[in-house]
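Work through these exercises with the structure in view. Try each task before you read its solution.

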Amino acid sequence: MLKINHVTKLFNANTVDEKLALSNVNLSLAPSDFVTVIGSNGAGKSTLMNVISGVLKPDDGNVIIDDVEVNKLHEYQRSQWIARVFQDPMAGTSPNMTIAENLSIAYLRGYKRTLNWGLNKKKKHFFKEQLERLGIGLENRLNAKVGLLSGGERQALSLLMATFTKPKILLLDEHTAALDPSRAELISNLTEKVVREFNLTTLMVTHNMAQAIQLGNRLIMMDKGQVIMDIPPSKKQGLTVEDLLHEFTAIKGEELNDDRVILG
Ligand SMILES: Nc1ncnc2c1ncn2[C@@H]1O[C@H](COP(=O)(O)OP(=O)(O)OP(=O)(O)O)[C@@H](O)[C@H]1O
């Protein structure tokens, strides 16, 4: 499904600011894998997401989705195949448009732009049904401007917009980090529900160790541009935060350096 082959990314090559952000990263995701990604500061987690989404081109190696190299995908295919939810609740939606208008745009994501994104009765009904699944009452606010929603509501909407066209790969980039604990838990639970319902192949970066353990079937840890731990489904159940920290120290000979880490 998703194959990351020998991916290397070097920023500012041959300058004093040279930084090897990804160093020969190999990773393979089977269909419906839900992999959580944790790691130290500057480990390369965001760079990996940027390379997978095609925002950054690797200096070496490639990213393959269903036998097609990501950088060879047309823009419209890329947005149909790869969906992403960012940390910033403002990033995934247009504040001056209504919920229905935002959903209309997401609905057409990946189709060539000639289609009409107008809102007919059938589409409205579909959107209401989808919003109901979130369980936070947004189905009654189709005509509300998205800028008026709370951060948690916007993030729930972003998650829905990213997933209801069933992308091949879902990238979650610390998508609960900017929310207060109760909203973060709500989005965490919604994520689990949506990913499972649609069988989405998912990669989720988080600094919340408990969340990384709770969600998904597989967990990887990155450090200094490399994947240093890949915990398979058979070993993920029963894993504790202490196990993870202990394992990191055993591999690296030092303690995990993550100034944003949330242990539980
Ligand atoms: N556009 C860029 N130009 C130069 N250096 C960059 C760029 N993007 C990332 N880096 C560097 O590459 C390294 C990896 O960064 P990245 O953002 O992928 O790490 P991260 O694991 O997401 O870190 P954090 O958890 O601290 O956000 C860091 O040292 C970072 O400073």
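**Exercise 1.** In which sense do strand β3 and strand β9 pair, and over how many bridges?

*Solution.* This is a predicted model: local features need pLDDT of at least 70, side-chain atom pairs count only at pLDDT 80 or more, and totals for chains, interfaces and linings use all residues. Residues are numbered from 1 along each chain as its sequence is written.
- Step 1. Locate the strands: β3 covers residues 34-39 and β9 covers residues 218-223. Strands (E, at least two residues) and helices (H or I, at least four) are DSSP runs, numbered from the N terminus.
- Step 2. Apply the pairing rule: DSSP must find at least two bridges between two strands.
- Step 3. β3 and β9 have five bridges and pair in the parallel sense. G39 stands opposite M222 in β9.

**Exercise 2.** Which strands stand at the edges of the sheet?

*Solution.*
- Step 1. Write the order of the six strands: β6-β7-β8-β3-β9-β10, an open sheet with mixed pairing.
- Step 2. β6 (82-85) and β10 (226-231) each have a single partner strand, so one side of each lacks a neighbour in the sheet.
- Step 3. Check the partner of β6: four bridges join β6 to β7, and the two run parallel. I82 stands opposite I169 in β7.

**Exercise 3.** Which way do the residues of β6 point, and are they buried or exposed?

*Solution.*
- Step 1. Count C-beta atoms, placed from the backbone: a residue is buried if 20 or more others lie within 10 Å of its own, exposed if 12 or fewer, and partly exposed in between.
- Step 2. I82 and R84 point one way, A83 and V85 the other.
- Step 3. All four are buried.
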